[in-house]
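Here are some notes for your read-through. Please keep the structure open alongside them.

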Amino acid sequence: MFECRVLGSVEVAVDGRLVDIGPAKQRCVLAVLLADANTAVPADRLVDRVWGENSPPRVRNALYSYLARLRIALEPTPARIATRSGGYVLTVDEQSVDLHRFRQLASQARAATSDEQARRLLERAMRLWRGEAFEGLDTAWLNDLREILERERFEVRLDHHDLELRAGRHTALVSTLATLADQHPLDERLAGQLMLALHRNGRQADALRVFADVRRRISEELGLDPGRDLRSLHERVLADDPGLAVPKPVRRNGLPGDVADFTGRGAELDQLLSMVPGDSGGAVVISAIDGMAGVGKTALAVHLAHSLADRYPDAQLFLDLHAHTAGRDPVDPGSALDTLLRGLGVPGASIPADLDARAGMWRTELADRKAVVVLDNAVSAAQVRPLLPGTSSSLTLVTSRRRLLDLDAARVLSLDVLPERDAIGLLEQVIGAERVQAEPEAVHELVRLCGYLPLALRIAAARLRTRPTWTVERLNARLREGRGLLGELGGDRGVAPAFTQSYRDLSAGQQRMFRWLGLAPGPDTSARAAASLLGTDVDTAGDLLEDLVDAHLLEQPMPDRYRFHDLLRAYATELVADDPAELHAAQRRMLDHYLHSGYAAMEQCNPTAIPITLAPLTDGVTPEKFESYDEAHAWLTREYRVLLAAGLRSGEDGFDTHTWQLARTLIPHQDRHGHWQDMAAMSRAALSAAVRLGDRVGQAHSRRGLAVASARSGDYDGARAEFEQALDLFRGLGDQAEEAWSHLNLSAIAGRQSRTEEALEHSRAAVALFEGLGGPPGLGNALNAVAWYLVKLGRFREAVGGGLEALRIARVNLDRRAEASVLDTIAGAHLKLGEHTQAVEHYESALALYRDLGERYYEADTLIHLGDAQHEAGDDARASWQGALDILDELGSTDADPVRARLDRL
């Protein structure tokens, strides 16, 4: 979950963890961009809003520095800062920014069709505030905006007071209204609310005294009389107008008690309320609320039924249909109708025995009644269908762990876990705000450990409430260790028993799929990967996965992607651990799927890659196949986190060959997208695995991965040492092709360290080795490297000639990556020769190829060179250099500083 917060201190949070967004001035820059989210803010306006009239010298440099640091800080989030039309725009979902969400909720509340819906929207809006807007920041522009927002906040509070008064909740309001009235002594609307609350509490004299005080203050300070509305209310209070009386209480019948600490669910309540017809009537309303065990379906339905009791005054009925009650069969429709009819007062002797006759009587009894009926814990649409009313005067709320897709005319709401803010609010309700505020970081971790699941949160909160000496961190430690999440959140009504009943209701095939998915690495799984895991065909696996989605034991964030809730994953993992006979085989099938699929994708994206001999494919595995670069690259991007998790975990499970081969497979993709820390972590794990195996091929490839990661992080000495060890290993193995590539690696490091003659020597050694092998595709890369270092040595015409030969080889081999690199080299030679037009043309061709390939680092590198060529030609280079800087900052590359220096010199 991603949030940007300004209604309080300026914060950015991802999954409950705060992102370090820097010092006060940097937070000011972010606050300004958030206030105008998705709108370009010119640099001059940014400077004015952040620094005002007292901006320091070289303020633009400071602004660029803050923007660059914010780009890096926001990298783990969906928010991005981009350059557009001479300004800067923060692209972000406005629903993730509390300021914009507050304003939208307030607007929706004023357009709501019912008081209950409006009240929920306003409460959600008010809960977004954590203190004073932009707390701790002091600029003229932010101070003005802060004042505007405080007035908007105050108006929302007054709107909420009106709704509370209309609902008859005046007693609880008196203290709040009196305090606010002292703070806002001239606000007539607030004064009127306080007068009405006092009058309804039988305090007519106090209500009249409020009016007298307000009239005196307005007269003394403004020289005016109170407005018409307040004067009219004063007259009605004097006359003890019956129209000011408390609304009559609503009769309730048969509902369980509302949850005293019910928290959140504002959006869901709004959606359900929008389905309820107004007084003019409408279609029969059946709302089916489905969701996983423990997500709060029953609490939501009962809470909604209580809040709508005044609109359905004739009856409020509740029936548990026991779809997932241990030791009980689901209630059959006939028995359910008998209970419901008795709840309406029908004598037992008058209830017919026949199911259809009972259903007919039920519909007849409801025909002239306004009733709300909660049918809880339904097993299927067939169980519920005979229990539905036949007219629109009644509302039926059905809850189920399964999606009741074939329940005619039902409006379906699938309930998800709580948003983080509401999850924390639930803890506050149970254990008190003081304990929550005392350990904010631990509270964020606790709600995350509980998976934001209401049942788990309530159990954790109850544990803390009954143990006042415990800290939240102590409970977190118990959840992380010892018996673990499910053990600590146990008991007869705990999380695991709820999951167990859902699991027992599955077929044998569905149970097997659920168990074995606990082995799946990464955040989500595809149908083809699940098929390999089970050793079955894709269609069968897809059907089983969809069944689990319908049973709310899996989530489907997008087509053909399936994932567990964290607690369900823990439960599935416990189940699979109890089946050691199949465990090793299933793990092997899964790793084979990702290794062979990933390697096929890597080969499609890197046609010059030298093949390695993969671990043999196990029976029952269905690897992916790719027909094009775009298809393979898209798959690698989509599955990257899964492949990373598989590689890091495989060694722990005893699959060392898969560990180093998955690491080797991912190196080109990681390099292409700047995942260098991941590359280093995987390469370290791979090297350990290869050493355990005594596999020198694996050791050589792993050391190359470590070297590339070191080079990209600026540690050229470390990279050189690793490349030299890889070279020695490949030479000892007699692998001339890999020996040649190692020379190319070392030439690149020597070039980075300005040892150009040494770089040229390594490049020529690579050429000789490739020519000795008959000129494989790598020969073009080696010739290109020679040409590049000839440029560095000032031998420009010689470099152009060698580059053209390298370009021919790259195009013959259809190697677009090599082609782009050669074009960049040839462009550099033309630039040194003063041939600016040819240089710009070649750089632009290289840039187009890198962009098409998704090569972010090399796209930036070529943009730098293009900007250099434009600058030397007397053209504007700012757009090229700024584009390079944006990418390098996004990747966290140390190459960003020289580009920033170029821009500063303009």
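Which residues in H24 are buried?

1. Ala527, Ala529, Ala530, Ala531, Ser532, Leu533 and Leu534 are. Buried means under 20% relative accessible area, exposed over 50%, and partly exposed in between (1.4 Å probe, protein chains only). Helix H24 spans residues 527–534, and seven of its eight residues are buried. Helices are DSSP runs (H or I, at least four residues), numbered from the N terminus. Just after H24, Gly535 has a positive phi of about 75°.

2. Some ground rules. This is a predicted model: local features need pLDDT of at least 70, side-chain atom pairs count only at pLDDT 80 or more, and totals for chains, interfaces and linings use all residues. Residues are numbered from 1 along each chain as its sequence is written, and side-chain values use heavy atoms, with hydrogens and water left out.

3. The largest nonpolar core has 115 residues. Such a core is a set of buried Ala, Val, Leu, Ile, Met, Phe, Trp, Tyr and Cys residues joined through side-chain atoms within 4.5 Å. Leu446, Phe499, Met513, Phe514 and Leu517 have the most contacts inside it. Apart from that core lies another, of 56 residues, including Val41 and Tyr88.

4. Look at Leu517 next. Setting aside residues up to four places away in sequence, Leu517 touches Ala530 and Leu533, among others. Contact means heavy atoms within 4.5 Å.

5. Tyr64 is in helix H3 (residues 59–73). Tyr64 counts as buried because its relative accessibility is 18%. Beyond neighbours within four places in sequence, Tyr64 contacts Tyr88, Arg878 and Asp904. Tyr64 and Arg900 lie 836 residues apart in sequence, but 8.5 Å apart in space, C-alpha to C-alpha.

Methods:
Helices (H or I, at least four residues) and strands (E, at least two) are DSSP runs, numbered from the N terminus.
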